[in-house]
Amino acid sequence: MSIITQALKDPRVHSLNEEVAGRFNIEYRHDPKSSHWGSEQTGPSSRLISYNSRCPAQSSLAHELLHFWVQGKGYRRVHGGYSSLGDGPFIRLLAALDNELQHHKMFPQFLKLGFDKREFYGDDAKEFEFAMRRALQEPPESIAQAARDFLLVIAPGGPLPGQTRSALRNRLLRGKKGRFRGKLTRIESIIAEWAQSPGFDAEDTLRKIFLEIEDPTKTWIAYSDLMSFPKGGFFIGEEFSLDDLP
Ligand SMILES: [Zn+2]
């Protein structure tokens, strides 16, 4: 806990924590085995941060608190659903979108607090680049997979030099003889629009992105769990009943 107490003394983290802790009840869990910090929603207004001593505490704590800041502004996390894309590709893409859409709203605040853009993920440059290259090693077979890799490449901030990033971006755009280029560049514009918009409701953005991936589609996204179908979430295309799914 002393790492947290120490990090909270940093004026950049302190001011953010003042704002966020008034809205959420935040608990901390030391997780020495994990290589990253993480956070989860444990109730409507309770959150848990798991931390280790390997990552720089101030920027890592600011990052997790900014996730809560975005959620406090009205961003609703999405948790699975049903999709004609198939369970695996759908869940993996949705989880990446849930994370990255938050990151795009958090990043300008992170800079405003006075942090350096390279500190946004708390990882060191080599590890970050290695993870990204590993993700791109297998050329994506489907647009859902390509979109997920692309989200990582266009994620804001982080230690990756601009040149390396644009090389990775071009590699994805050229992959499969450029088959995914049109859709990926449109997804990039949809995300840029989201990042610049003043609102925090991601429904329209998710709708536009999923329709780039599959149109027509039978997709329903849940805000809490599958039991809340259909009221506790939203449809991407036309409405359907569970009997319509394969
Ligand atoms: Zn994050």
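Reply: What follows describes the sheet and then turns to the remainder of the protein.

The model is predicted: local features require a pLDDT of at least 70, side-chain atom pairs count only at pLDDT 80 or more, and totals for chains, interfaces and linings use all residues. Residue numbers run from 1 along each chain as its sequence is written.

The protein contains nine helices and six strands; these are DSSP runs numbered from the N terminus, helices being H or I over at least four residues and strands being E over at least two. Three of the strands form an open sheet with mixed pairing, in the order β1-β3-β2. Two strands count as paired if DSSP finds at least two bridges between them. Because β1 and β2 stand at the edges and each has a single partner strand, one side of each is left without a neighbour in the sheet. From one strand to the next, the twist averages 25°, where axes are lines fitted to C-alpha atoms (for helices over the stretch in contact) and angles between N-to-C directions run from 0 to 180 degrees.

The two pairings of β3 can be taken in turn. With β1 (residues 25-30), β3 pairs in the parallel sense over six bridges. Within this pairing, Arg29 has Ser50 as its bridge partner in β3, and His30 stands opposite Tyr51. With β2 (residues 38-43), β3 pairs in the antiparallel sense over five bridges. Here Gly38 has Ser50 as its bridge partner, while Gly43 stands opposite Ser46. A hairpin through two residues joins β2 to β3.

A residue is called buried if 20 or more other C-beta atoms lie within 10 Å of its own, exposed if 12 or fewer do, and partly exposed in between, with C-beta atoms placed from the backbone. β1, by comparison, is hardly covered, and the count of buried residues among its six residues is zero.

In soluble globular proteins, nonpolar side chains tend to be buried together.

Leu65 is in contact with Leu16, Asn17 and Val20, leaving aside its neighbours within four places in sequence; contact means that the C-beta atoms, placed from the backbone, lie within 7 Å. Helix α6 is mostly covered, nine of its eleven residues being buried, among them Ala147, Arg148, Asp149 and Phe150.

Some backbone features lie elsewhere. The peptide bond from Asp215 to Pro216 is cis, with omega near 5°, and Pro216 is placed in the loop between α9 and β5. A cis bond also joins Phe229 to Pro230, with omega near -5°, in the loop between β5 and β6 (233-235) where Pro230 is found. In helix α7, Lys176 has a positive phi of about 55° although it is not a glycine.

For the whole protein, 32% of the 246 residues count as buried. The radius of gyration, taken over C-alpha atoms, is compared with a globule rule of 2.2 Å times the number of residues to the power 0.38. A compact globule of 246 residues would have a value near 18 Å, and the protein's 19 Å agrees with this.

Key
Contact = placed C-beta atoms within 7 Å.
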